[in-house]
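This report is meant for a reader who meets the structure for the first time.

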Amino acid sequence: MADFDTPELKEYPVIPHIQEGTMAHSKPFVAKEQFQEPLGFPGELVDNWQQVAYDKMEELTGKYRSLAVFLDSCVKCGACTDKCHYYLGTSDPKNMPVARQDLFRKVYRRKFTFAGKYFPKLVGAVDLTKEVLDDWYSYFHQCSQCRRCSVFCPYGIDTAEISMAAREVMDSIGVGQKYCNEIIAKVYKIGNNLGLPQPALADTLEGLEEDIEDDTGVAVRLPLDEKGADILVVTPSADFFAEPHVDGLMGYAKVFHEAGVSWTLSSYASEAANFGMFIGSYENMRKVSLRIRQAALDLGVKRIIFGECGHAWRVAYSFLNTLAGPFDFLDPKYPVPMHIMEFTYDLIQRGGITLDKSANDDMVLTYHDSCNVARASRMGPKPGGQFVLPREVIKASCNHFYDMPQDTIHESTFCCGGGGGLLTDDLMELRVKGAMPRMEALKHVVENHGVTHMAAICAICKSQFAKVMPYYGFQMDSIVSVHQLVSNAIVLGNKQ
Amino acid sequence: MTFLTIVYALLFYIATALLIAGLASKIRQYAKTPAPLKIPTTPAPVTRTGVVMRMFREVVFFESLFKSNKWIWIFGWMFHYGMFLVLARHLRYFTDPVWTWVALIQPFGMYAAFAMAAGLLGLWARRLLVDRVRYISALSDHLMLALLFAISGTGLMMDYVTPTDIVGVKEFFRGLMVFNWQPIPQDPVLLVHLALVATLMIIFPISKLLHAPGVFFSPTRNQVDNPREQRHLSAWAAELEK
């Protein structure tokens, strides 16, 4: 299947001994000039790259308190060393969160701290040489920014913040990652990550409407660019065609249909994902976010609802108000933005939809908490709602549900292995190995409870699992969308 | 006035000045650096009071560390709380009359010194024996443990092996506080103990000991989870909107 070995799934999780350099060869393709320049980055390694990088590091430590505090505060206690799914899956010590941070920290110390300037050997400080830069490029693209380490750090040090900073420094000297930067450029040009233009999108949605009608006999609409609709739905573009994403999209449409609300998608803001976050670029993240504000204004909607996407929900929930607010032109009765899960959960609570659980009786389900939803956002009014709402929606849609082991769900959830801008074929080995802890937890419930399917609410998780599950002996279609379950169970026409 | 008294008096003035100035400048830097985005590690409190509680649990009980690793937690807690009591106990060298609560904790402070030393040895053992922790340890990480252990070791020696002239020690430090220098007792163990303490004070603001103020400024722990309710905008980000 590939030129690497798929990790073996053990009965109980085992913390591996370190094996230096096992993933040093893992590097994503470097972005060429045409993918760098639309984002405002130099097209290739600049001549005085070392100095430019130092200047950028200084700028970033002055702009981000997280970075300034995190670089100083680590005491090397080791609490994070066994928490990263990439370390657990690869045994490469540079995939331990603290060691990954240290790749950045040792340069910071050398240039910006007394100890590092005068006693570099003592504190392990080094200059940013070409070798160090290569290590940065390799290992800062082995972090999915999932924040699991930050849960367990006594100071809350979040390696994601340092990975983002490192990627921004690398972008600023012309060493960008092709996958992320190409995609962001596509959003600027066309409006979504997939480069799906308006006519193609309209066509796709029409096809989905036909599918639903063939299947159910009910005319459920998937409107595009409809001015005056109440709700703008922003969803990851993978929802338009990828499996199982598209089944989720049809689920949203059916829910809106039953709720009797008017809604629309936008071709201008046809992307919930915001890869600006992955590359740590506030400016690019803001530029992508502003498209959503513009679409909401142009279409004259009253509310914004996001579809199933993990990092998109982080940017939407935590950052959208900051980046593209204030949203005082929207209906103040509703939070801005809302998650589709909040909408559906509410509707279920109010008895606004009828769900026939037996429609999903062919499945025994578990639920994968997506990292950005779990550790960087919320749903509903209470902390932890991000764990409760999806599970309640699933349980309302099916008869058989079992959670995976406690230390692999909720705030301790494991990343799918493909988040943070790593969902690219040139990182396949990393993605397969990084999925190991999640696969191990899944195997546990498969063996103990007969689980057949795992539901998720993140486009990246869904694509990643569909791709890597076969390496571990699971069916690629055993990953499902939560709204796919809703879609199966919903009784249409009941509320008309 | 002996030469040693002058050296130690100056040493402690310099160490105190560097500690305070260094910490103040770091705290000012952290306070002035904006946190442009809401990044609390969720689930996070949705109110300011909730954040105070979270920080309290973090600083007092090491909540996250407890979730993470029970060995580091127990050794870390022994060390920090041992040191806290030992430091509190040392207040008797600076106060006259000695505050009642300081007098009351004197016996506990004695046990605390052992807990502190044992905690340090436990942490050091992990650093040497666990391959992951050994990998991430720089020379300075070992030296920091050596320094702290030597401080607690020399302190314990003065309690149990070669008692020192604690009345003289108190007069020396009380004198320093009012700029009326008194001779320092010429006890080698005491002199080593004090030199190491001064070293610790000096390196505090330029080392990983900055985790002490740092934890209070950590955005993943001190931010309120209310981004939808309240717009959060830093000064430099507001500039982009112009």
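## The sheet of chain A

In this predicted model, chain A holds an open sheet of four strands in the order β2-β1-β3-β4, and the pairing is parallel. The edges of this sheet are formed by β2 and β4 of chain A, each of which pairs on one side only. Between β1(A) and β2(A), which run parallel, there are three bridges, and Ile231(A) stands opposite Trp263(A) in β2(A). On to the next pair: strand β1 of chain A, residues 231-234, is joined to β3(A) by four bridges, again in the parallel sense. Within β3(A), Ile305(A) is the bridge partner of Val233(A).

The pairing of β3(A) with strand β4 of chain A, residues 338-339, is likewise parallel and rests on two bridges. Here the partner of Ile305(A) in β4(A) is Met338(A). Between these two strands the chain passes from β3(A) through helix α15 of chain A, residues 310-324, to β4(A), and this β-α-β crossover is right-handed.

Across β1, β2 and β3 of chain A lies α14(A), which runs at about 150° to β1(A).

| Helix | Residues | Number of residues | Span, first to last C-alpha | Expected span |
|---|---|---|---|---|
| α13(A) | 245-259 | 15 residues | 21 Å | 21 Å |
| α18(A) | 385-397 | 13 residues | 18 Å | 18 Å |

Helix α13(A) is mostly covered, with 13 of its 15 residues buried. Just after α13(A), Gly260(A) takes a positive phi of about 70°. In α18(A), the buried residues include Phe387(A), Leu389(A), Pro390(A), Val393(A) and Ile394(A). The buried residues of α18(A) pack against α16, β5, α17, β6 and α22 of chain A.

## Loops and backbone details

One loop residue of chain A can be followed in some detail: Ser270(A) lies in the loop between β2 and α14 of chain A. Ser270(A) counts as buried because it has 27 C-beta neighbours inside 10 Å. When its neighbours within four places in sequence are left aside, Ser270(A) is in contact with Gly191(A), Asn192(A), Leu196(A), Leu201(A), Ser237(A) and Leu265(A). Phe401(A), by contrast, is 131 residues away from Ser270(A) in sequence and 33 Å away in space, taken from C-alpha to C-alpha.

In chain A, the bond from Glu243(A) to Pro244(A) is cis, with omega near 5°, and Pro244(A) has its place in the loop between β1 and α13 of chain A. In chain B, the bond from Thr42(B) to Pro43(B) is cis, with omega near 0°, and Pro43(B) is found in the loop between α1 and α2 of chain B.

Although it is not a glycine, Asp225(A) has a positive phi of about 50°, and this residue sits in the loop between α12 and β1 of chain A. Asp225(A) is partly exposed because 17 other C-beta atoms lie within 10 Å. His410(A), which is not a glycine either, has a positive phi of about 50° and is placed in the loop between α18 and α19 of chain A. With 18 C-beta neighbours inside 10 Å, His410(A) counts as partly exposed.

What secondary structure does chain B have? The secondary structure of chain B comes to 13 helices and zero strands. Along its principal axes, the C-alpha trace of chain B spans about 65 × 40 × 40 Å, and of its 242 residues 34% count as buried. Among the contacts in chain B with a separation of 6 or more, 73% are between residues 24 or more positions apart.

Where the two chains meet, 56 residues of chain B are in contact with 59 residues of chain A. The elements that give two or more residues to this side of chain B include α1, α4, α8 and α11 of chain B, while α7(B) gives the most, with five residues. By class, the side of chain B that touches chain A has 29 nonpolar, 16 polar and eleven charged residues.

Key
Residues numbered from 1 in each chain as written. Chains lettered and ligands numbered in written order. Predicted model: local features only at pLDDT ≥ 70, side-chain atom pairs only at ≥ 80, totals over all residues. Pairing = 2+ DSSP bridges. Right-handed = clockwise from strand over helix to strand, strands pointing away. Contact = placed C-beta atoms within 7 Å. Nonpolar A, V, L, I, M, F, W, Y, C, P; charged D, E, K, R; others polar. Buried ≥ 20, exposed ≤ 12 C-beta atoms within 10 Å, placed from the backbone. Axes fitted to C-alpha atoms, helices over the stretch in contact; angles between N-to-C directions. Expected span 1.5 Å × (residues − 1).
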